[in-house]
Amino acid sequence: MTVDTLINWFVTLGDFPVLSFLLAVVISGIPLFLVMALNAMIAVYVERKVSAFMMDRVGPMGQGPGLHAGKWGVLQTAADAIKLLVKEDTVPETSDKFLFKMAPYIIFIGAFLGLAAVPFSSTLQVVDFNVGVFYIIAVGSIGIVGIVMAGWASNNKWSLYGAMRSAAQIISYEIPAGLSIIIPIMMAGTLNIQELIAFQSGSVWGILPNWIIFNNPFSFVAFFTFFISAVAETNRTPFDIPEAESELVAGWMTEYSGFRWAVFFLSEYANMLVVSGLAVAGFLGGWQSPIPGLFNTGLWGLFWFMSKLGFLIFVMMWFRWTFPRLRVDQLMHVCWKVLIPITMFNIFGVGIWKLIFG
Amino acid sequence: MGVVQGDQMILNIGPQHPSTHGVLRLEVMTDGEIVSQIRPHLGYLHRCFEKHSENVTYEQVIPFTDRCDYLASMNSNFGYVVAMEELMEIKVPERVEYIRVIMGELNRIGSHLLALGVYGLDIGAFTPFLYMLRDRERILDMFEYTCGARLLYNYMWIGGVSHDLPKDFETICTDFLDYFEPQIKEYNNLLSFNKIFVERTADVGVIPADVAVSYGVTGPNLRASGVKWDVRKDEPYSIYEKFDFDIPTGTGKFGTLGDCYDRYWVRMLEIKESIKILRQALKEIPSGDVHQALPKKIRPPKGSVYRRTESPRGDLGYYIVSDGTPVPFRVKMRSPAFTALSCLDEVSRGWMISDVIAILGSLDIVLGEIDR
Amino acid sequence: MSRYFQNIYDTLSTLLTGMSITWKHMVNIKRDNVTLQYPEERWPRPERNIGFEHENYNVIRSRLHVDIDDCIGCLKCERACPVDCIKIDTIKAPTRGEDIPDVKHTGETSNGTKKALVVSRFTIDMSECCYCNLCAYPCPEECIFMVGGPNSSKHPIDYEFSEFDRTDLIYQFAKKLSTEEKENLQKPLPEAKA
């Protein structure tokens, strides 16, 4: 339910604008939180199974409902969640206690806010901002503050390393991400996400859907640069140097255990959802079906969006289990010397293309 | 209060760490990311191997030698047994020599597979580790079929081996080799030629040939720096002279000569050479009685012997002093990984912490051998 | 400049090759799975094909077992152990080759050898055992062996012998005799008096 519809419905009940606004925000925040939690549970299960299948093993398995971990191990994530909740809450003695406790929630806020603008279907979106794309990119930077806080407050050299590297990485990779997402904005002429998706309706040559990725070669390359920068934004391999397991134990998350770690985890997967959602909306046609004209109404929109999102998240997991990780200076080299020139050249090319071909 | 250097940080890659290969403590002085000095602290795995061997008889030392280099324990047994047979002047039957070479080379493949897989894990690639371990399991299954144990065998005895090969061992081993050779291509496609891996390891941690020789580094680490030295060819023992195989050396394939990628690549090539030796040995193995030359009572004459053999990590040497009793007077093991670790400080000056992990992984150390 | 583009091309091609390998492994999981799901599937299970039957093994390393009725008390296994985990005490039997039911002593082994010694204590500390199998070779009656594998006919395989308390891992194979019983043994039996 979008916040606007809720407020309109409250107006029919009576005239209390401030209270109705607050109620509408809270009521639409609850399904968002549920989406976040559900996404984390399913994504963790899928990640473990996918990684296992790629490594010739089976991952978490069970023999039936109620025994061990359920058939095919579906109850494993639920068991993990319960374990994390009942774990002992350790706060290091020499750490900065206030910052230590605040840090997970700041990262959580960054991911949660971004989720508010992701269009799950033509009607299912919490708020339809006029500047949706800009809002998501802006809000995505809040997470850095939390990461640096976590690294500093742990009073641990390993965490500090991880936090510093992560800060440099996320700030640098915002630039190619922003430059790549300019291409759909240039072509559609608007920052509003729903209008961006509506621009991609119809078809090209009758069979190919009119998605921005198929429009011209420059936007095809732009999709890949956006995707690579998105993977770097979320600290996933091959860019997971901040939480590099074999070098820094667990990087900036070393001192966190139990529920606080669960909050980090939740926000990492929510971040993946947000950037994949933006990629799908900007380049792959959002909730529109790949067969132009058919299956485009109502709940089908949700189905197409979820499947495209699922595919992109699967590709992110595929990357993680196949490639080794980059060293910090090589990461910076890729960002500043390879991705940024390519994206700038792309913008130039799309501009010329639109001028010539209209 | 002493002088505090404002920009120097002492970082402890401690005994418990996911990628030091065993319990090793490295005290690293860095300024931010660039390393200026490393001090390794050893001794967390010291189990008094040499002191134990002064209190047990000669054949009871063999389970202890297994546990020093636990990833290549057939080769550790081999080294000890060859040294003892030189001291006691025992000539073992031909079949025993062939069996020992087969087991030694199979264990060399297993140890190299583990070293390469764990190196991939240090660099961040999780999947090749599992593939290599899956193939190593098949080698361990073959060992289990022959002598019952999977990791610590106690197989090579003074004067022979403990059990003869089972009847269908030749077929099983040849089937394994036929299955395994195409897998090497898969490993290369997945990890060795991967651009990210090459960028991480090429030109990193170069050990020039003269530095390597002056520190006493041996084995694949030395061969990767360009020096063609292998104990199997230069001071041959057992029946290695009968086999036709080359010694792969580093060529600076993707970077400079003697960098981490060369050490990785030399080990990959050595696996191929071991497969060659195995195929020749399996074809030519004669029949015979393996327990023929086992001495009734092991009482070597007074004297001492030092003999080197080639283990997957380098030059493994045993110095045995006997005084005529069934209990040795002194057994000393010269460990190749110890000298490899000693050159870590010089090689990693000026590199970053991620590179220190990469260099440590490429040296392929086993703490059991270093600390004994 | 051309190296720059060559680098980008190399990166993309090697990355795509790597991804295709993991994709192939992922879709072939039913054929390639190597996991044995313990405890539902236990080794050795006939359907799990590892290429050879475990009864055909030359030797197996597992828990030690002693058929105490066959033991003649020669102490060869105690001397062969490198870590001294076998401890045996023996008392001279009053008559050679005769059963003494009070202390559960049989006079002859299953191979027909007459026993001259009563074993009063035979403990093996499995927590110290290094599984080298050096004790099994010198035994003349083959009464000490590792269970399972080629010895499955004498004792089925057992590799799940973990305990909660470390002292429970000290296995006593002979009935431990009290001092009174030991003194009784050393007194001459009434029938022996002529």
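Q: How many salt bridges, a salt bridge being a side-chain nitrogen of Lys or Arg within 4 Å of a carboxyl oxygen of Asp or Glu, does the rule find across the interface of chain A and chain B?
A: This is a predicted model, in which local features need pLDDT of at least 70 and side-chain atom pairs count only at pLDDT 80 or more, while totals for chains, interfaces and linings use all residues. Residues are numbered from 1 along each chain as its sequence is written, and side-chain values use heavy atoms, with hydrogens and water left out. One of the bridges joins Arg134(B) to Asp56(A), with the closest N and O atoms 2.3 Å apart. For the interface of chain A and chain B, the count of salt bridges is two.

Q: What is the area buried between chain A and chain B?
A: With contact taken as heavy atoms within 4.5 Å, 24 residues of chain A touch 33 residues of chain B. Buried area is the accessible area (1.4 Å probe) that two parts lose on being put together, summed over both. Carbon and sulfur atoms give 60% of this area, which is about 2600 Å².

Q: Which element gives the largest share of the nonpolar patch?
A: The patch on the surface consists of Ile82(A), Leu85(A), Val86(A), Phe98(A), Met102(A), Tyr105(A) and Phe259(A), with about 730 Å² of accessible area together. Such patches are made of residues with over 30% relative accessible area and no salt bridge, nonpolar side chains being joined within 5 Å and like charges within 9 Å, and accessible areas come from the Shrake-Rupley method with a 1.4 Å probe. Helices are DSSP runs (H or I) of at least four residues, and Tyr105(A) is found in one of them, H4 of chain A. The largest share, three residues, comes from H4(A).

Notes: Chains lettered and ligands numbered in written order. Helix = DSSP H or I, 4+ residues; strand = E, 2+ residues; numbered from the N terminus.
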